[in-house]
Amino acid sequence: MWKKLAVICAALLGALCIASCMGPDQQTKVEESAPGPPLKIYCSFLPVYCFTANVITSRKNISLEVVIRDDMSNPSLCRVSEERAKEVAAADMLIINGLGIDAFLVDAVSKVNPNIKILDCSSGIEAFNLKNPSSSLNPYVWMSPRKAILQVRNIQKAIGEIDREGAKEINKQADKYVKILEGLGDSLDKAVKDASNRRVVLEGDIFDYLARDYGLEVVGNITLNKAERSNALESLKDLVTAQKVQAVFLEAGTAVSPQKEKALHEGLPLFYLATMQSGSTYPDAYDAMMKKNITFVKAALQGSR
């Protein structure tokens, strides 16, 4: 009995001795990084918010908020009150998508605080517009997982610079999230490569980056506004037949009524993809919506026409 107690005490003393001899880095090995000063970051809208949330997921010293929760393609919804602009202007950083879509927010906030740190997470990404090649204002980069990865890397670098204590953990989480995005891209890439017919028609410029990055053959473009919808879809029938189009990708939410549209335009290969500009603010919201989009792309390209 006494021998056992002596052995236990000796072990405890040995452990204490080892701990006292360890350097500060070794003693705090369980901590990936120090807490760092409290930071407040705003993101312009949902995709940017999701990317940032995944990069800072373990950094409890960073408060994150999204400014616009509605569809950014609807100008009537893209408004920032003077009070809201002041809140954002007082933050440590505002992260925007760039390429024009959130310029109104930058203008409103910069009027309050011209020196606010703004990160354009599309910086370095070549703008691309199928319909108008000379245009540099196609903001839908996040619709392609490959471009989303570049946005995440820009966010990773910028936040690491203002939260130096957490740079190691930020890099770790960014790498982890990039692997998720790479997986989404691989699924999309396989869906297109496995298709015998990749000829598609796109709505507007929304899916340009996705189409180019993953090898879709775009043979037409259509913009469906409510006033001209019926005529546009009738013209689309001719294009689909003449060009042997496999799928027409439209923005989800543009359908007047799925049932009515199906009855009026039976036979058109219409597929609706989410633009991911609004919805849940869970960090995995982008991933979940992109998975659904990929499911629709697979269904569209694997169907027989």
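1. **Burial across the chain.** Buried residues account for 46% of the 305 residues in the protein. Keep in mind that this is a predicted model. Here a residue is called buried when its relative accessible area is under 20%.

2. **Overall make-up.** The protein has 11 helices and eight strands. Look next at how the chain meets itself. Take the contacts between residues at least 6 apart in sequence: 69% of them join residues at least 24 apart.

3. **Helix α6.** This helix runs over residues 145-162. It has 18 residues. From its first C-alpha to its last, α6 reaches 26 Å, close to the 26 Å expected at 1.5 Å a residue. Which residues of α6 are buried? The list is Pro145, Lys147, Ala148, Ile149, Gln151, Val152, Ile155, Gln156, Ala158, Ile159 and Gly160. An α-helix has 3.6 residues a turn, so residues three or four places apart point the same way.

4. **Ala148 within α6.** Ala148 sits in helix α6. Is Ala148 buried or exposed? Its relative accessibility is 0%, so Ala148 counts as buried. Now check its surroundings. Leaving out residues up to four places away in sequence, Ala148 touches Phe51, Val141, Trp142, Leu181 and Tyr286. Glu182 is 34 residues from Ala148 along the chain, and their C-alpha atoms are separated by 9.6 Å.

5. **The Phe51–Tyr286 pair.** The whole structure holds six aromatic pairs. In the pair of Phe51 and Tyr286, the ring centres are 4.9 Å apart and the planes stand at 70 degrees, so the pair is edge-to-face. The cut-off for that label is an angle over 60 degrees. Phe51 belongs to helix α3 (residues 46-55) and Tyr286 to helix α11, so the pair ties together parts that are 235 residues apart in sequence. Both Phe51 and Tyr286 are buried.

6. How accessible are the two residues? Tyr140 has 9% relative accessibility, so Tyr140 counts as buried. Trp142 is buried too, with a relative accessible area of 0%. Ring pairs link Phe45, Tyr140 and Trp142 into a cluster.

7. **Asn293 in helix α11.** Helix α11 covers residues 285-302, and Asn293 is found in it. Asn293 has 3% relative accessibility, so Asn293 counts as buried. What does Asn293 touch, not counting residues up to four places away in sequence? Its contacts are Met143, Leu273, Ala274 and Met276.

8. **Val106 in helix α5.** Val106 lies in helix α5. Its relative accessible area is 18%, so Val106 is buried. With neighbours within four places in sequence left aside, Val106 is in contact with Ile96 and Ile118. Val106 and Ile96 are 10 residues apart in sequence. In space, C-alpha to C-alpha, Val106 and Ile96 are 8.2 Å apart.

9. **Two positive phi values.** Most residues other than glycine have a negative phi, and most peptide bonds are trans. Leu99 and Lys244 are worth a look on this score. Leu99 has a positive phi, near 60 degrees. It is placed in the loop between β3 (93-96) and α5 (103-112). Lys244 has a positive phi near 50 degrees. Lys244 lies in the loop between α9 (229-242) and β7 (247-251). Its relative accessible area is 63%, so Lys244 is exposed.

10. **The cavity.** Rolling a probe the size of a water molecule over the atoms shows where empty space is left. How many cavities of 30 Å³ or more does the structure hold? There is one. The largest cavity contains about 30 Å³ of space. Its lining is formed by Leu46, Val66, Ile68, Arg69, Ser278, Gly279 and Thr281. By class, the lining has three nonpolar, three polar and one charged residues.

Methods. Residues numbered from 1 in each chain as written. Predicted model: local features only at pLDDT ≥ 70, side-chain atom pairs only at ≥ 80, totals over all residues. Heavy atoms only, no water. 1 Å grid on protein atoms, 1.4 Å probe; cavity = no way out; pocket = protein on both sides within 12 Å on 5 of 7 lines; lining within 4 Å. Points joined across faces, edges and corners; volume = space filled by probe spheres on them. Nonpolar A, V, L, I, M, F, W, Y, C, P; charged D, E, K, R; others polar. Helix = DSSP H or I, 4+ residues; strand = E, 2+ residues; numbered from the N terminus. Buried < 20%, exposed > 50% of the residue type's maximum accessible area, 1.4 Å probe, protein only. Contact = heavy atoms within 4.5 Å. Expected span 1.5 Å × (residues − 1). Phe/Tyr/Trp six-rings, centres within 6.5 Å; stacked < 30°, edge-to-face > 60°.
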